Amino acid sequence: MKTDPTLFFSPSAIKAELLRLAQEGNKPFTQSLNPGVPNVLGIRIPQLRELAKRIARGDWQAYLATADTYYMEERMLQGMVLGCIRPDEDVEVYLARVTRFVRLINSWSVCDTFKFGGGKRFIEANKERLWEYLKGWMQAEGEYEIRFGVVMAMQLFIDEEHIRELLRLYDGIRHPGYYVRMGVAWALSVCFVRFPDLTMRYLREGNTLDDFTYNKALQKIVESYRVDSGVKHVIKGMRRK
């Protein structure tokens, strides 16, 4: 039986669908991963992504214009829809849509499930514009705004062309938020996996990280299965007291 596509353009219908999916989810587990975040439904991510795909096949503009933000998953769904649609021909129009979403982020889960639409073709065609866009978020004020820039830059720009500036940007972030500092630590561990020599020099000689972020970065490097045991032993000895 085909689903009536108009179902997904009514805010009340969307909410009803989310509440239905929540019955198949795991609210206590999701709440434990997002402490302090209000109105968590606990919907499983694959189900939420499937719903986003269905919305993206229809009048997604109507959906985005009327989407609610009461539940955490309603915010997450908007980001997922933006990742499913074909970006506007004018990249600035699409980035304006993304900016609106970023300002709705209220948890690391909402932040980290986002992906740009258009796949590799869109990324390659707009790489330098996206780089400048994410640099702007890394210099923002809000905890989740900064994390968005940190995590997305980690996903797209840990490469030969950008690694040195990226390390400088991560090092220059000064925000007390837990999810900012954890995001930077995570990103630095990925930098180490991909550019071990350069990142090791940065960690040993060139960083101004606070102790929490620095030690968490070392911890995440040690936890990586892509770092050999000998290097992990050295990393453990670099921990600050």
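# Briefing: helices, rings and cysteines

Gly119 lies in helix α8, which covers residues 119-125. This is a predicted model. Twelve aromatic pairs occur in the structure, and the disulfide count is zero. Helix α9 packs with helix α10, and helix α11 packs with helix α13.

- Gly119 counts as partly exposed because its relative accessibility is 38%.
- Gly119 and Gly149 are 30 residues apart along the chain. Their C-alpha atoms are separated by 18 Å.
- Gly149 also belongs to the α10 side of the contact between α9 and α10.

**Helices α9 and α10**

- The axes of α9 and α10 come within 7 Å. They cross at roughly 145 degrees.
- This crossing of α9 and α10 is left-handed.
- From α9, the contact residues are Lys127, Tyr133, Leu134, Trp137 and Met138.
- From α10, they are Glu145, Ile146, Phe148, Gly149, Val150, Met152, Ala153 and Leu156.

**Aromatic pairs**

- The structure holds twelve aromatic pairs. One of them joins Trp137 and Phe148, edge-to-face. The ring centres are 6.3 Å apart, with 85 degrees between the planes.
- Trp137 sits in α9 (residues 127-138) and Phe148 in α10 (residues 143-156). The two residues are eleven apart, and their pair links distant parts of the chain.
- Trp137 and Phe148 are both buried.
- Tyr178 and Phe212 make a tilted pair, because their planes stand at 55 degrees. Their ring centres are 6.0 Å apart.
- Tyr178 is in helix α12 (residues 178-194), while Phe212 is in helix α14 (residues 211-223). The pair therefore ties together parts that are 34 residues apart in sequence.
- Tyr178 counts as partly exposed, with 42% relative accessibility. Phe212 counts as partly exposed too, at 27%.

**Ring cluster and a charge over a ring**

- Ring pairs link Tyr94, Phe101, Phe114, Phe116, Phe122, Tyr133, Trp137 and Phe148 into a cluster.
- Arg240 places its charged end over the ring of Tyr214. The distance to the ring centre is 3.9 Å.

**Helices α11 and α13**

- Two numbers describe a pair of packed helices: the angle between their axes and the distance between the axes.
- For α11 (residues 163-172) and α13 (residues 196-206), the angle is about 35 degrees. The axes lie 11 Å apart.
- The crossing of α11 and α13 is right-handed.
- Ile163, Arg164, Leu167 and Asp171 are the α11 residues in contact. They meet Leu198, Thr199, Tyr202 and Gly206 of α13.

**Cysteines**

- A disulfide is a covalent bond joining the sulfur atoms of two cysteines.
- A pair counts as a disulfide when the sulfur atoms are within 2.5 Å. By this rule, there are zero disulfides.
- Cys84 is in no disulfide. Its nearest cysteine sulfur belongs to Cys111 and is 17 Å away.
- Cys84 counts as partly exposed, with 36% relative accessibility.
- Cys111 is likewise in no disulfide. The nearest cysteine sulfur to Cys111 is that of Cys191, 16 Å away.
- Cys111 counts as buried because its relative accessibility is 2%.

Technical notes
Residues are numbered from 1 along each chain as its sequence is written. This is a predicted model: local features need pLDDT of at least 70, side-chain atom pairs count only at pLDDT 80 or more; totals for chains, interfaces and linings use all residues. Side-chain values use heavy atoms; hydrogens and water are left out. Buried means under 20% relative accessible area, exposed over 50%, partly exposed in between (1.4 Å probe, protein chains only). Rings of Phe, Tyr and Trp (its six-membered ring) pair if their centres lie within 6.5 Å; planes under 30 degrees apart count as stacked, over 60 as edge-to-face and the rest as tilted. Helices (H or I, at least four residues) and strands (E, at least two) are DSSP runs, numbered from the N terminus. A charge sits over a ring if NZ of Lys or CZ of Arg is within 6 Å of the ring centre and within 35 degrees of the ring normal. Axes are lines fitted to C-alpha atoms, for helices over the stretch in contact, and angles run from 0 to 180 degrees between N-to-C directions. A crossing is left-handed if the near helix is turned anticlockwise from the far one by less than a right angle, and right-handed if clockwise. Contact means heavy atoms within 4.5 Å.
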